[in-house]
Amino acid sequence: MPQNVTFFLPFEAGSNPDAARAGAHHLDWIRAHGLVRGEQALRRYREWLLTDLAGYAYPEARGADLDLVTDAVCIGFPLDDQFDGPRGSHPEHVARLSTELAAIPYREPGTPPALDTPLTRAYTDVWRRSAEGMSAQWRTRAAATYTRFFRAYVEEAHNRRSGALLDEKTYITLRREAVGTGPCFDLIERAGHFELPEDLYWSPGVQTLLRGATDVIFLCNDAHSVEREEAQGDPHNLVLITQRTRGCSRADALERVGALVRNTVRGFQDTAHTLLQRYAGTPQRDLLARHIAGLRHWMIGNQRWGTVSARYATENIGVEVIPDDIGSAGADRSGAISGPTAGSTSSAARP
C-alpha cells in the first residue's frame, strides 16, 4: 500500500530522451567495475529502474554528463545496501568502508583507492569525472558533502546496534544527511556546467531550498519503503517513528508525513519566488533559476520513480541483492552483486 501513496508536488515532471542510451551505458559500467554477477542479479537490478530516476532528475543532461550522473545516482543504492540489514549493525564494518569512500574526494582525482573494492573503484571513477571542469571551491564543497553523507551511515549503524529509539526531530536531522541528496544536488551544477557563487550557495535562502528539497525526497522515500524497513526491524523511517511516538495508526502516520510534504513544498515555493525576485536583473538570477529547476526535477522525479520501482515492492522483501563489499567474516569478498542465497536477508529500500 505505501508504494501507492503519492503526495502533491506542483512541479512539471521531466524526462530525458537520452535516458535509454545512458541506461545501457550504466549496465556496461557496473559490469566493468565488478558490481554485477549473474543474469538473475542483473534482471533484479534493472527492475529497480534506477537509470529512469537519473533521467527524471537530470532531464537536460546529455552525453557524457548524463552518463556521469546516471552512474553517480545509481551506485548510491548498492552503497546503501552495504549498510542495511545485519551488515548495518556493525559500526566498525560501516566505518571502514565509509572512511575510505570519504577520503576519495580529498585525493588527486583518479588516485586508486586505498581499500580496493568494486564500490571504492566505482566511486573513484565517479569523483574523477565529477571534478572535471569544476572549480576548486566546488570540489571542496562537494567533498565535504560526501563526508557528511558517509559519516551519517556510521551514526545509523550505532543506532541499530544500540537499539536506539529515535524521536522525530533527531531522526530528521540524521536523515537529511543519510538520504544522500547532497551529492546528487551538487551534480545539478556539474551536469549543467555552471556553479552558484559560494556566497549565494551558503545564503540562508539557498540553504532553505536545499533542506526543503531533501526533506521532500526523504519523506516520500520513507512512505514508499516503510514496509521494507518494518520487516527488517530498521528504526530509520519516519512513518514507523511517528506511529511509535504518537501511538497512532499507519494511516495517520502517513497522513502526518503527507502534511509535512505539503508544508515543505509551500515553503520551498515561497522561498524560490522570493529569491528569484530579489536577484531579478542580475547574473545570479539565471544561475538560481537553473538550480531551482534542478531541485524541482529531483523532487517530482523521485516520487515518480518511487511509486514504480521494484526496489520498494513488498514481494521483494527478503531478497538479498548486494553482498558484503569489504568482506566481513564468512561473506563473499568479491563485492559483486549476486542473486539470493539460502538464508539471505533483506536489503532495505533506502536511500
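This is a short exchange about a predicted model.

Colleague: Which helices do the buried residues of helix 6 pack against?
Modeller: The buried set includes L119, V126 and R129. Their partners are helix 1, helix 4, helix 5, helix 7 and helix 9.

Colleague: What does helix 6 reach from its first C-alpha to its last?
Modeller: Helix 6 has 14 residues. At 1.5 Å a residue, the expected value is 20 Å. The model comes close to that, with a reach of 20 Å.

Colleague: Is S309 buried or exposed?
Modeller: S309 is in the segment after helix 14 (283-306). The cut-off for buried is under 20% relative accessible area. S309 has 1% relative accessibility, so it counts as buried.

Colleague: Which backbone oxygen lies 2.6 Å from a polar side-chain atom of S309?
Modeller: The cut-off for a polar contact is 3.5 Å between N or O atoms. At 2.6 Å, the pair falls within it. The oxygen belongs to W48.

Colleague: Where is L49, and what is its phi near?
Modeller: L49 is in the loop between helix 2 (39-47) and helix 3 (50-57). L49 is partly exposed, at 26% relative accessibility. Its phi is positive, though the residue is not glycine, and is near 60°.

Colleague: Is H193 buried or exposed?
Modeller: H193 is in the loop between helix 9 and helix 10 (198-201). Its phi is also positive, near 55°. Exposed means over 50% relative accessible area. H193 has 55%, so it is exposed.

Note on methods:
Residues numbered from 1 in each chain as written. Predicted model: local features only at pLDDT ≥ 70, side-chain atom pairs only at ≥ 80, totals over all residues. Heavy atoms only, no water. Helix = DSSP H or I, 4+ residues; strand = E, 2+ residues; numbered from the N terminus. Expected span 1.5 Å × (residues − 1). Buried < 20%, exposed > 50% of the residue type's maximum accessible area, 1.4 Å probe, protein only. Contact = heavy atoms within 4.5 Å. Polar contact = N/O pair within 3.5 Å; in protein donor to acceptor, adjacent residues only side chain to side chain.
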